[in-house]
Amino acid sequence: MRKLTLILVTVVVVLSGCKQKTSGAIEIGAIVPLTGFSASNGVMFQQGLQLAVDEINGENGKISFNVTYEDSKSTAKDAHSAYLKLSSSGCKYFAGLGGQFILSFAPDTKDSDKILFASAAPNNNLLTLTNRCFRLFPTIDMVTNRIRDYIVEKDYNRIAIVYMQIDAYSMYNESIQRKLAEIGRDVVFVESYESNTRDFKNIVNKLATQNPDFVYAAGAGESAALFTKQLFSNPKTEHLPVIGDMNFSNPDNLAIIGELKGPVSAVDNYLSPEFESAFHTKYALYPNAYSVYGYIIPYLLKSSLEALGENCTSTDVYNYIHDNSFATAAGNISFDSTTSEPNLDLIVKTQN
């Protein structure tokens with residue numbers, strides 16, 4: 001039976017600690033897209049991670065962290081180069097964001113002393129590449145199950161799907177089409193686009209001819225927001241309800257969309273009120289799931305290191321996290337011992 005370990009959002013007193021065998025702060029290497037098409041998600045993740053580190057370091061306890069951020073530039077090649085750079089410095093704990101970016105270096109962590117906390121990596125093949133990973137992001141099945149249930153709840157019947165042409169979103173498309181077919185819903189329109197697409201007028205015009213009553217927009221960064229903005233600019237589609245992943249919880253993307261003429265929903269994670277308040281106080285922004293996944297990572301490490309004591313190894317930490325359940329700012333989380341998939345409960349947030 002898993003033990004529940006509390007990870008407090010507010011400041012706590014550290015009673016015992018575990019340090020790396022070298023003195024000083026414990027290093028976390030964060031490989032994050034700070035430029036390129038996923039930059040807006042990367043920044044939200046970085047801000048959440050840094051908030052947790054600042055809180056923990058501010059306690060002046062036995063455990064402290066130092067984070068080195070490397071920009072993956074929203075490419076797999078740069079993500080892998082960033083990993084090699086951080087790994088060569090002796091870093092053992094890695095936080096990565098972005099499915100295809102993480103997949104580029106995940107094999108390097110297999111059978112190693114590294115631990116990878118993977119966020120925004122829903123790819124089902126992640127655990128075939130590494131046995132040293134915790135996935136802090138819902139799987140493709142989790143997301144598409146929630147979208148399917150939402151479509152049934154709202155009784156939508158004619159579904160349009162517009163998705164970014166990268167591996168992860170292609171798999172989202174395949175999964176949701178299969179699940180909609182199983183429940184007798186009609187997918188009347190499917191179109192993909194390149195990650196650098198900014199003009200969606202042709203896609204919107206073609207979509208309008210099929211008279212859908214619901215749109216699933218699967219894409220990263222501002223592209224999905226630009227598509228939605230242009231969908232609302234067409235008189236034939238301006239009131240269509242749209243759903244996507246937590247990209248539609250990102251304030252920057254909502255600002256790009258502008259006036260929400262139709263309901264815009266996001267499949268997102270629960271965020272504790274305390275975390276939302278702390279994040280808003282620090283950044284004058286409201287967090288989303290990317291933020292909370294980044295925030296959780298230092299607290300998972302802190303809780304594990306405190307419990308294990310001074311002579312623990314990264315393997316001890318890995319096993320401890322697998323064997324326990326944690327109360328976090330995103331609710332209770334545990335990890336499947338075979339797949340490293342999380343037990344996340346997803347909600348749908350509708351913006352209007």
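1. A salt bridge here is a side-chain nitrogen of Lys or Arg within 4 Å of a carboxyl oxygen of Asp or Glu. Please keep in mind that this is a predicted model, where local features need pLDDT of at least 70, side-chain atom pairs count only at pLDDT 80 or more, and totals for chains, interfaces and linings use all residues. Residues are numbered from 1 along each chain as its sequence is written, and side-chain values use heavy atoms, with hydrogens and water left out.

2. How many salt bridges are found in the whole structure? The search gives 13. One of them pairs the side chains of Glu59 and Lys302, at 3.9 Å from N to O. Glu59 sits in the loop between α1 (39-58) and β3 (65-71) and Lys302 in helix α11 (residues 289-308), so this pair ties together parts 243 residues apart in sequence. Helices (H or I, at least four residues) and strands (E, at least two) are DSSP runs, numbered from the N terminus.

3. Are Glu59 and Lys302 buried or exposed? Glu59 is buried, with a relative accessible area of 15%, and Lys302 is buried at 5%. For these words, buried means under 20% relative accessible area, exposed over 50%, and partly exposed in between (1.4 Å probe, protein chains only).

4. Another salt bridge brings together the side chains of Arg185 and Asp155, at 3.8 Å from N to O. This pair links distant parts of the chain, 30 residues apart: Arg185 is in the loop between α6 (167-182) and β8 (186-193), and Asp155 in the loop between α5 (140-154) and β7 (158-164). Arg185 is buried, at 15% relative accessible area.

5. Glu191 and Lys206 also meet through their side chains in a salt bridge, at 3.4 Å from N to O. With Glu191 in strand β8 and Lys206 in helix α7 (residues 201-208), the pair ties together parts 15 residues apart in sequence. Glu191 is partly exposed at 22% relative accessibility, and Lys206 is partly exposed at 41%.

6. Finally, have a look at Ser314, which is in helix α12 (residues 314-323). Ser314 is buried, at 5% relative accessibility. The Ser314 side chain reaches the backbone oxygen of Asp113 at 2.7 Å. Leaving aside residues up to four places away in sequence, Ser314 touches Lys92, Tyr93, Asp113, Ile115 and Arg132, where contact means heavy atoms within 4.5 Å.

Conventions:
Polar contact = N/O pair within 3.5 Å; in protein donor to acceptor, adjacent residues only side chain to side chain.
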